[in-house]
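Subject: Structure for you to look at

Hello,

Here is the structure I promised to hand over. Please open it next to this message.

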Amino acid sequence: MNADGFGVGWYAAGDPVPARYRRAVPMWTDQSFADLARVTTSGAVLAAVRSATPGTTPDEAAAAPYASGAWLFSHNGRIDDWPQSAEALAARLPPARLLALEARVDSALLWAMVLERLESRDYAGTDSAGNALAGVVADASACSTGRYNFLLTDGTTIAATAAGDTLFWRSDNRGTVVASEPSDDGAGWHEVPDQSLLVATSHGVDISPITPAGMEPALR
């Protein structure tokens, strides 16, 4: 039961910086969201619901999607034995990045690690989104067991990892949907194998194993 909050991020036409609507209450108790969604159109949307890891921040700052510039990010999963098991991960971030965490929650720490890679010159280029996610899966898995399904978009590219939880995708003439589980009983859903990276663009969907070559540490 994902009753600890929800959030939606979307891109308005002509604006590369996404808007967000986040709440710290169950989606079904929000009286305004349905009306907001009714009049909102977008070519790219990232939505998430939250089941909070014990010991994490309870307010809406902890609800995905997280954002920076054109990027939207969400994490489906958890770092086991939080927060003690995350000490090594936190130590790898620059102090300024660590102090700027939006919330005291495992997902926010993982987002900071992804963002550190996205802003690194080593991860520039068209493969930056997928490489950044794969690298953080490697770093996090080396420090602690957990579930590290990530979803990242800039409004044109979708990158996602299947690492400990389910992930599905479907493409048709309306676009591509990537989700933790099928949202309907219609045909065309494909399950992504565990320990895989998905990258979807206007050219199609590519799925590859999360391999050591794509997971070289970038955090120093």
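My notes follow, from the whole chain down to single residues.

This is a predicted model, in which local features need pLDDT of at least 70, side-chain atom pairs count only at pLDDT 80 or more, and totals for chains, interfaces and linings use all residues. Residues are numbered from 1 along each chain as its sequence is written, and side-chain values use heavy atoms, with hydrogens and water left out.

Overall form. The protein chain has five helices and twelve strands. These are DSSP runs, numbered from the N terminus: helices are H or I with at least four residues, strands are E with at least two. The radius of gyration is 17 Å, close to the 17 Å of the globule rule for 220 residues, so the chain is as compact as a globular protein of that length. The radius is taken over C-alpha atoms, and the rule is 2.2 Å times the number of residues to the power 0.38. Of the 220 residues, 45% are buried (under 20% relative accessible area, 1.4 Å probe, protein chains only).

Cores. A nonpolar core here is a set of buried Ala, Val, Leu, Ile, Met, Phe, Trp, Tyr and Cys residues joined through side-chain atoms within 4.5 Å. The largest has 38 residues, and Trp111, Val114 and Leu152 touch the most other members. Two or more residues each come from β5 (71-79), α2 (87-91), α4 (106-118), α5 (128-143) and β6 (146-153). Helix α4 gives the largest share, nine residues. Another core lies apart, with 14 residues, including Ala160, Val192, Leu198 and Ala200. Leu152 has contacts beyond four places in sequence (heavy atoms within 4.5 Å) with residues including Trp71, Phe73, Trp111, Val114 and Ile158.

Strands. Strands pair if DSSP finds at least two bridges between them. β7 (158-162) and β11 (196-201) run antiparallel, with five bridges. Ala159 has Val199 as its bridge partner in β11. Six bridges join β11 to β12 (204-209), also antiparallel. A hairpin of two residues links β11 to β12, and Ala200 stands opposite Val205.

Thr53. This residue is in the loop between β3 (45-49) and β4 (66-68). Thr53 is buried, at 7% relative accessible area. Beyond four places in sequence, Thr53 touches Arg78, Trp82 and Asp106. Its side chain makes a polar contact of 3.1 Å with that of Asp106 (N or O atoms within 3.5 Å; within protein, one must be able to donate a hydrogen and the other to accept it, and residues adjacent in sequence count only if both atoms are side-chain atoms).

Best wishes

Conventions. Buried means under 20% relative accessible area, exposed over 50%, partly exposed in between (1.4 Å probe, protein chains only).
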